[in-house]
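The sequence and the model come first, and the description follows.

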Amino acid sequence: MNCIVSSVSFTNNKKIQFFFCSILSGILLGLGWPTYGNPLCLFIAFVPLLYIEEYLSPYSSKKIFLWSFITFFTWNALSTWWLSYAKRPNGDFAIIEAYLTPVILNAFFMSMAFAIYSYIKKNVEDPNIGYLFLVCIWISFEKMHLEWELSWPWLNLGNGFSNHPEWIQWYEYTGILGGTLWIWCVNIGFIKSITKYQKDNNKLTLYKNIFINIGKIFLLILISNYLYLKCEEWKGKEETADVFILQPNIDPYHQKYKISTDKLIIKLKKLIDKKILSGKKTFIIAPETVLPGYGHKIYMDHLTKDSLISTFRNHLKKKYPKTVFITGIELYTLYYNKENISKTSTPIFMEKEKMIQWLDIFNSVIQIGISNENIEIHHKSKLVPAVETFPYKKILFPILGNILLNFGGSVMEHGKQKDPIVFMHPDLGIKVAPIICYESIFGEYVSEFFKKNAEFMIIITNDGWWGVSQGYKQHLYYARLRAIENRKYIARSANTGVSCIIDEKGQILSSIPYGMEGVLSSKIRLNRKKTFYIKYGDYLAKISIITSIIIFIYTIIYRKIT
């Protein structure tokens, strides 16, 4: 392959070669993705695409965008195909909104980042500056994907090692962006080895460079395994907490919005009474939005007087007085004055009062104890775009209407929490980080709970929207990354599964299989130690953003000078 040519003649053979390389990169990325994939593929996945860039860089940024779009579309389509299982309220599959739209948009954004890198590399004298910019612009893009309204960080590269936690114990220092840095450094190392060989035809240098790049992979794996072994083992003397996890296995499409509140209460009580010992100081944990069942949401202003809350409070008082019940719940609040409404408030006309009120609904987690003072609430803060929140509503709503909120069981935008709320057990003083579903994908956000001295993490979720697919498995595996970053245990309650206990090394210690009703009782380890990542968060993103800006400005100045 000759990457340096005096002119470009795009013959059919060359187009076929580029197409093959683009598809190959996408397939390799897909083959490297959890949960069945082997992440070793990620270390060579970008090499075919980088070869195309090497060939086309001096001539056409537009064509680089197009070929890279094929790569990223293929990767997104293969790794998140389970999104096609989502349904609209009428029962039809929401393939266009739920699957094709995020796949196309994500591929577009990735291709834009890659095309910008190619432009910079073409306009600087030293290609190493271009490669540095590639790493920095990609990390900056992934950070943006964690923060903006169109957030979809599912395919951030560092997530790709979630099925091999023993490889990435150093995430407690870097977070998942360290994994992104690792992947790009190895891929760039390989393409530089190839292009150098094409120039000097020195096989010995080629083999040496390939060996060095393989060494980059296994050196970090060795370091990780050292940290894995060094990580404090369970000794039986540390402070612990008893957790009791419920998995009610309620089908989100055919049962969730049809089961009556009374039947739901009976079901949950039976699960609670299955194994728990009377008087034991325990956290009982139920999944996302399991309450209140069909018929109504719970009014926040009357929360302490609500009959459903009182039912569970009385059950605890009678049988388990030292226990708290932490569960997902759907809440709402009303505003009578337009000045008090939030950005997500929806106007509704009240016929009896002949007036307009404003409604906010919340996907929340609540802690119920034996008294009113024990009630604590955290509203979901990281909302799923197009399902729970309308991204850039002022711009997109006039064009799209409510189509973006018309699947996944929701047809109304949700309110959200401004700052993380840490729960505390009233008897033990144990502090808990309550994480709701999609929130568990956001590393720096989750670490904010541990800055407030939370001692372990509860994740409540409902992954039944995508059936038996890679969706619920990937979501489960990503939770392991939060355990490593923060070195905290996780008690995970999932409606249809998988409910489990994850230790501070990302190991799944015990679980209830997907699609089964059940309970899981376990002891978990507590600690308030703050990892480097808890203290400093996504510092790699800050460095990358600053470096990207500096290189971009340098490129503009360099072009003017030359």
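A residue is called buried when its relative accessible area is under 20%, exposed when it is over 50%, and partly exposed in between, with a 1.4 Å probe and protein chains only. Helices (H or I, at least four residues) and strands (E, at least two) are DSSP runs, numbered from the N terminus. This is a predicted model, in which local features need pLDDT of at least 70 and side-chain atom pairs count only at pLDDT 80 or more, while totals for chains, interfaces and linings use all residues. Residues are numbered from 1 along each chain as its sequence is written, and side-chain values use heavy atoms, with hydrogens and water left out.

**Covered helices and a covered strand**

Helix α12, residues 443-451, is largely enclosed by the rest of the structure, because 7 of its 9 residues are buried. The buried residues of α12 are Gly443, Glu444, Tyr445, Val446, Ser447, Phe449 and Phe450. After α12 comes Asn453, which has a positive phi, near 70 degrees.

Helix α2, residues 47-56, is mostly covered, with 10 of its 10 residues buried. Among these are Leu49, Leu50, Tyr51 and Ile52, as well as Glu53 and Glu54. The cover over the buried residues of α2 includes α1 (12-31), α3 (61-79), α4 (95-122), α5 (127-147) and α7.

Strand β4, residues 324-335, is also mostly covered, as 11 of its 12 residues are buried.

**The packing of α7 and α8**

Helix α7 (residues 177-200) and helix α8 (residues 203-230) pack at an angle of about 175 degrees, with their axes 9 Å apart. α7 is therefore roughly antiparallel to α8. Here the axes are lines fitted to C-alpha atoms, for helices over the stretch in contact, and angles run from 0 to 180 degrees between N-to-C directions; angles under 35 degrees count as roughly parallel, over 145 as roughly antiparallel, 65 to 115 as roughly perpendicular and the rest as oblique. Contact means heavy atoms within 4.5 Å, and the residues of α7 that meet α8 include Trp182, Cys185, Phe190 and Tyr197, while those on the α8 side include Leu206, Ile210, Ile217 and Leu220. The residues of this contact divide into 12 nonpolar, 5 polar and 3 charged, where Ala, Val, Leu, Ile, Met, Phe, Trp, Tyr, Cys and Pro count as nonpolar, Asp, Glu, Lys and Arg as charged, and the others, Gly among them, as polar.

**Cysteines**

The structure holds 0 disulfides, a disulfide being a pair of cysteine sulfur atoms within 2.5 Å. Cys185 is in none, and the nearest cysteine sulfur, that of Cys136, is 9.5 Å away. Cys185 counts as partly exposed, at 33% relative accessibility, whereas Cys500 is buried, with a relative accessible area of 0%. The cysteine sulfur closest to that of Cys500 belongs to Cys437 and is 14 Å away, too far for a bond.

**Arg528**

Arg528 has its place in the loop between β14 (518-525) and α14 (532-536), and at 41% relative accessibility it counts as partly exposed. Leaving aside residues up to four places away in sequence, Arg528 touches Gly429, Lys431, Asn453, Glu455 and Lys488. The C-alpha atoms of Arg528 and Arg487 are separated by 9.4 Å, although these residues are 41 residues apart along the chain.
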